[in-house]
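Let's take a friendly look at how charged side chains pair up in a protein chain. Have the structure open as you read.

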Amino acid sequence: MKQYKIAVVGATGMVGRTFLKVLEERKLPAQSYTLFASARSAGSKISFMGEEYTVQELNEHSFDEGFDIALFSAGGSTSEKFAPIAASKGCVVIDNSSQWRMDPEVPLVVPEVNPDDIKKHKGIIANPNCSTIQAMVALRPLQLKYGIRRIVYSTYQAVSGAGLGGYQDLENGMKGEAPKKFNHPIFSNCLPQIDVFLPNGYTKEEMKMVNETRKILGDDTLRITATTVRVPVFMAHSESINVELKKPFDLDELRATLEAAPGLIVQDDPEHAVYPMPINAQGKDETFVGRIRRDESVENGVNLWVVADNIRKGAATNAVQIAQKLIEMWESK
């Protein structure tokens with residue numbers, strides 16, 4: 001098997017460091033790794049793969065030496081500028097920002113859901129929003145078996161989704177300190193705002209879920225609405241997903257369909273208080289689903305409770321899985 005040159009852009013951030021952890025675990029066939037970050041973090045040392053790496057400053061010439069894959073998690077403006085430069089040098093960029101997700105030329109990929117879309121790339125592959133990723137893992141098997149007419153998302157999202165600043169706001173709020181990242185205290189509170197508000201009254205995060213779901217599932221006719229809420233939990237997003245299916249279903253058969261789905265673990269034993277919780281999803285790569293029950297208010301409706309680690313499956317792991325699929329495709333040619 002060929003050995004590949006891999007770059008990690010944004011290596012010192014919360015997701016970037018998790019990139020490195022997942023890469024250590026999954027052991028891609030890498031000839032070498034190079035770590036990049038902003039000028040502020042350049043020169044810092046990171047222990048990775050049993051060695052000490054010096055973080056390099058990202059610039060216009062960083063990709064001149066020729067990389068096969070670059071994992072980006074350095075924000076939209078960095079991706080907008082540097083992803084095309086990397087792609088022009090023959091590197092395939094897997095980007096974790098929102099910059100390229102809705103670009104019709106860029107595949108938006110969850111490997112358990114639409115891996116074949118990877119083949120359509122023109123040098124850039126987008127990693128979806130964290131809250132969208134876990135929902136797709138649970139909804140795709142239902143779409144394939146029953147068809148989906150409508151989705152109602154209600155999310156309960158961890159502070160780590162807002163980066164280190166969000167994490168620190170919860171830590172500091174527990175000590176009585178004022179928030180710096182959020183508009184209001186997050187400790188002992190829920191904030192029904194994630195990202196900025198748009199003219200239609202929805203937040204950017206809510207519309208990301210609507211638009212990304214349609215793109216990943218390949219159905220622009222899907223009726224979708226979302227309410228996204230930040231909750232005082234450090235890690236792992238939770239989602240209540242109400243789905244109206246196109247076909248009638250037997251609940252046991254639907255549950256079996258979910259149990260057979262890749263990357264999905266059913267935890268659904270209400271009598272013994274077994275259901276997915278953020279505290280148990282932390283550090284895991286799988287998506288967890290439970291509270292599976294018929295929605296008795298609508299024909300062919302079902303309710304799901306879906307939980308996943310937003311920094312791992314919702315960001316770093318999904319990106320590394322895309323890299324693994326990409327390498328598999330190269331090796332199978």
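A salt bridge is a side-chain nitrogen of Lys or Arg within 4 Å of a carboxyl oxygen of Asp or Glu. This is a predicted model, in which local features need pLDDT of at least 70 and side-chain atom pairs count only at pLDDT 80 or more, while totals for chains, interfaces and linings use all residues. Residues are numbered from 1 along each chain as its sequence is written, and side-chain values use heavy atoms, leaving out hydrogens and water. The structure holds 17 salt bridges.

**Arg101 and Glu212**
- The side chains of Arg101 and Glu212 form a salt bridge, at 3.3 Å from N to O.
- Arg101 sits in the loop between β7 (92-95) and β8 (124-126), and Glu212 in helix α5 (residues 204-217), 111 residues apart. (Helices are DSSP runs of H or I with at least four residues, strands are runs of E with at least two, and both are numbered from the N terminus.)
- Arg101 and Glu212 are both buried (buried means under 20% relative accessible area, exposed over 50%, and partly exposed in between, with a 1.4 Å probe and protein chains only).

**Glu25 and Arg312**
- A salt bridge of 2.5 Å, N to O, joins the side chains of Glu25 and Arg312.
- Glu25 is partly exposed at 43% relative accessible area, whereas Arg312 is buried at 5%.

- Which residues do salt bridges with shared partners join into one network? They are Glu25, Arg26, Asp285 and Arg312.
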